[in-house]
Amino acid sequence: MKQRKKMLRGSYTLEAVFIVPIILGLIFAMIYVIFYLHDKAVVYGNMQQAVVHIATGRKTYNSNEEWQQDIQENLWIFQVVSGEVNKDKLYIKSEAVAECSLNIPVIGYFIDSKQEIRAEDKYLAIHPEFIVRTKGILNG
């Protein structure tokens with residue numbers, strides 16, 4: 001009796017070589033975008049909260065490092081690298097810059113490995129909480 005050898009085809013392996021990295025890359029890119037959007041919202045929220053605290057007199061910042069530490073709170077993947085807050089008689093001006101550098105090879109094909117969040121805002125020194133609440137409504 002002759003034994004027949006089964007012919008193994010390499011189509012599954014070839015498909016896996018092309019499809020699995022693309023799917024994994026897309027999944028990693030989606031997770032990274034979720035982290036990016038979370039941190040961007042947190043930076044803006046922390047800035048607005050800190051400005052309200054400054055205007056109401058609950059907090060004063062003696063240095064820019066204190067400001068940056070407050071903005072850094074609850075960020076997942078970004079690091080605040082610079083930022084400052086200035087209060088004059090009419091306005092409270094705030095800004096913050098956060099950076100993230102992920103060197104994951106698969107993500108590098110879809111998006112840049114270095115991202116930056118740059119946030120700056122200006123509020124009236126009198127009742128900024130009203131401006132914070134109604135800013136979206138007033139801007140249309």
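**View 1. Strand 1 and strand 2 pair side by side.** Eight bridges join strand 1 (residues 79-87) to strand 2 (residues 91-101), and the pairing is antiparallel. This is a predicted model, so keep that in mind as you explore each view. The two strands form a hairpin, with three residues between them. To find your place, look for Val-80, which stands opposite Ala-98 in strand 2.

**View 2. Phe-35 meets Trp-76 edge-to-face.** A search of the whole structure finds three aromatic pairs, and here is one of them. The ring centres of Phe-35 and Trp-76 are 5.2 Å apart and the planes stand at 80 degrees, so the pair is edge-to-face. Phe-35 belongs to helix 1 and Trp-76 to the loop between helix 2 (64-72) and strand 1, so the pair ties together parts that are 41 residues apart in sequence. Phe-35 counts as partly exposed because its relative accessibility is 29%, while Trp-76, at 51%, counts as exposed.

**View 3. Tyr-61 and Trp-67 form an edge-to-face pair.** The centres of these two rings are 5.4 Å apart, with 90 degrees between the planes. Tyr-61 has 17% relative accessibility and counts as buried. Trp-67, at 0%, counts as buried too.

**View 4. Lys-122 lies over the face of Tyr-91.** Here you can find Lys-122 at 4.6 Å from the ring centre of Tyr-91.

**View 5. Nonpolar side chains form a patch on the surface.** Among the residues of this patch are Leu-14, Val-17, Phe-18, Ile-31 and Ile-104. Together, the patch residues have about 1,100 Å² of accessible area.

Terms used:
Residues numbered from 1 in each chain as written. Predicted model: local features only at pLDDT ≥ 70, side-chain atom pairs only at ≥ 80, totals over all residues. Heavy atoms only, no water. Patch = residues over 30% accessible without salt bridge, like charges linked within 9 Å, V, L, I, M, F, W, Y side chains within 5 Å. Areas by Shrake-Rupley, 256 points an atom, 1.4 Å probe, with all protein chains shown as cover. Salt bridge = Lys/Arg side-chain N within 4 Å of Asp/Glu carboxyl O. Pairing = 2+ DSSP bridges. Helix = DSSP H or I, 4+ residues; strand = E, 2+ residues; numbered from the N terminus. Phe/Tyr/Trp six-rings, centres within 6.5 Å; stacked < 30°, edge-to-face > 60°. Buried < 20%, exposed > 50% of the residue type's maximum accessible area, 1.4 Å probe, protein only. Lys NZ or Arg CZ within 6 Å of the ring centre and 35° of its normal.
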